[in-house]
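Student: Could you show me how to read the charged pairs and the packed helices in a model such as this one?
Tutor: Let us take the general idea of each feature and then its case here.

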Amino acid sequence: MREEEVGVNCGERVISVSEAPLRLAFLTPWRVDDPAAWSGVVMHMHAALSERACTQVIETGHLKASIFDRGAAKILGQFSSKQYLTGHALATSLKVGKYVTETVRGSGADVVLAVAASQEIAFAKIQQPVVHVTDATFAAMLDYYPLFTRLHPMSIWQGKRMSRRAQTKSTAFSVATHWAKNSLVSDYGLPAADCEVVPFGPRVEPVPGPRSRAGVGLRVLVVASDWRRKGGDKALKAVGAVRLKFPQTTLTVVGNAPLLPDWVKSLGRVPADQMAGLYAEHDVLLELADANAGGVTLTDAHAFGLPVIATDTGGVCSIVAHGESGILISPGENALGEAIAALISVQNPRLRLSLAAGARKRHNDLLNWNHWADATLRICENLRYRAATRISSEIDRKP
């Protein structure tokens, strides 16, 4: 069979792979109907893919951690200040892997899309190509994110082993940022050609209609689900310093924050469907995070044409284009001073409008779910074609 004749059975005839609808197993530990799952992106991923391919959801969130891992977490929690992560433990990965093996085998899928599913694929026996969708690696997160600091040595050893198995079980990667790709290449020795950077789209989509940003003074928005990691104190100091020169500058804080000064509008936790109005009403998003894999808040801001001032850490530079859609500042001792200078510079309406236009353009060109789904499905289609080509070559070699 010639390469251009590679096909699959469809009823009573053989059609080319390009004609047959792609059958995709959407494997994830998250619920695809949960708008908050994985910072609110899983539902969007599934919706965008379902418009383009035949998808079968395989969720593992209902599976409990193994008895061994639950016991280890409880015992170590009582006698040690170090954390034990059941989500990166071998016994649970083995348990989940058995379920995945059986479920995928009966799915009829051409390709398995593993969405934030390292634990699911590490010990699963999957015959189909696996495309791993992720925004970080265990190696990159270790001692970087709060959840991955002060880990028990047993948890570190297991996390490293499980992560390495998951990466080697993956045929290709659709990763959200260059930071994640660089870790796959440098920490795990994977070929760069197998790791494609495909940024995520927003959690909150813009609503039609005019935006209400007219007003006096710069309106700054801080969204901090984790006040300490998101650099809440630094953001507060930066805006406070700017107000000494530009007293009409205002600050709105969303998320779990401590007691703040009276001049700050602190809203606490805000439902996702109410965030659209906040993005539309402000002039700049300030995010001085110490650790940031990517940040769906940054992607949301771009969708609303909201310029971003952010610390250049983790995967942020794959989202914010410095000087085009926002301003990136260096992490470290000078971050606060750079943030103050950046806030003062965007008081200039011409610069602010230029950055706003750049943010919206970056959303239209790159940071949207249509682009993500099309790019990710191209990876899947290429793997399906290669698998079909290999099978037909093996058939041709048989006597």
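Student: How many salt bridges does a search of the whole structure find?
Tutor: Side chains of opposite charge can pair when their charged atoms come close. A salt bridge here is a side-chain nitrogen of Lys or Arg within 4 Å of a carboxyl oxygen of Asp or Glu, and the search finds 12 of them. This is a predicted model, in which local features need pLDDT of at least 70 and side-chain atom pairs count only at pLDDT 80 or more, while totals for chains, interfaces and linings use all residues. Residues are numbered from 1 along each chain as its sequence is written, and side-chain values use heavy atoms, leaving out hydrogens and water.

Student: Which parts does the pair of Asp290 and Lys234 tie together?
Tutor: The closest N and O atoms of Asp290 and Lys234 are 2.7 Å apart. Asp290 lies in the loop between β12 and α10, and Lys234 in helix α8, so the pair ties together parts that are 56 residues apart in sequence; helices (H or I, at least four residues) and strands (E, at least two) are DSSP runs, numbered from the N terminus.

Student: Is Arg384 buried or exposed?
Tutor: Arg384 is buried, at 5% relative accessibility, where buried means under 20% relative accessible area, exposed over 50%, and partly exposed in between (1.4 Å probe, protein chains only). Its salt-bridge partner Glu381, at 2.9 Å from N to O, is partly exposed at 31%. Arg23, Asp110, Glu381 and Arg384 are linked in a network of salt bridges.

Student: How do helices α3 and α6 pack?
Tutor: Two packed helices are described by the angle between their axes and the distance between the axes. Helix α3 and helix α6 pack at about 35 degrees, with their axes 9 Å apart; axes are lines fitted to C-alpha atoms, for helices over the stretch in contact, and angles run from 0 to 180 degrees between N-to-C directions.
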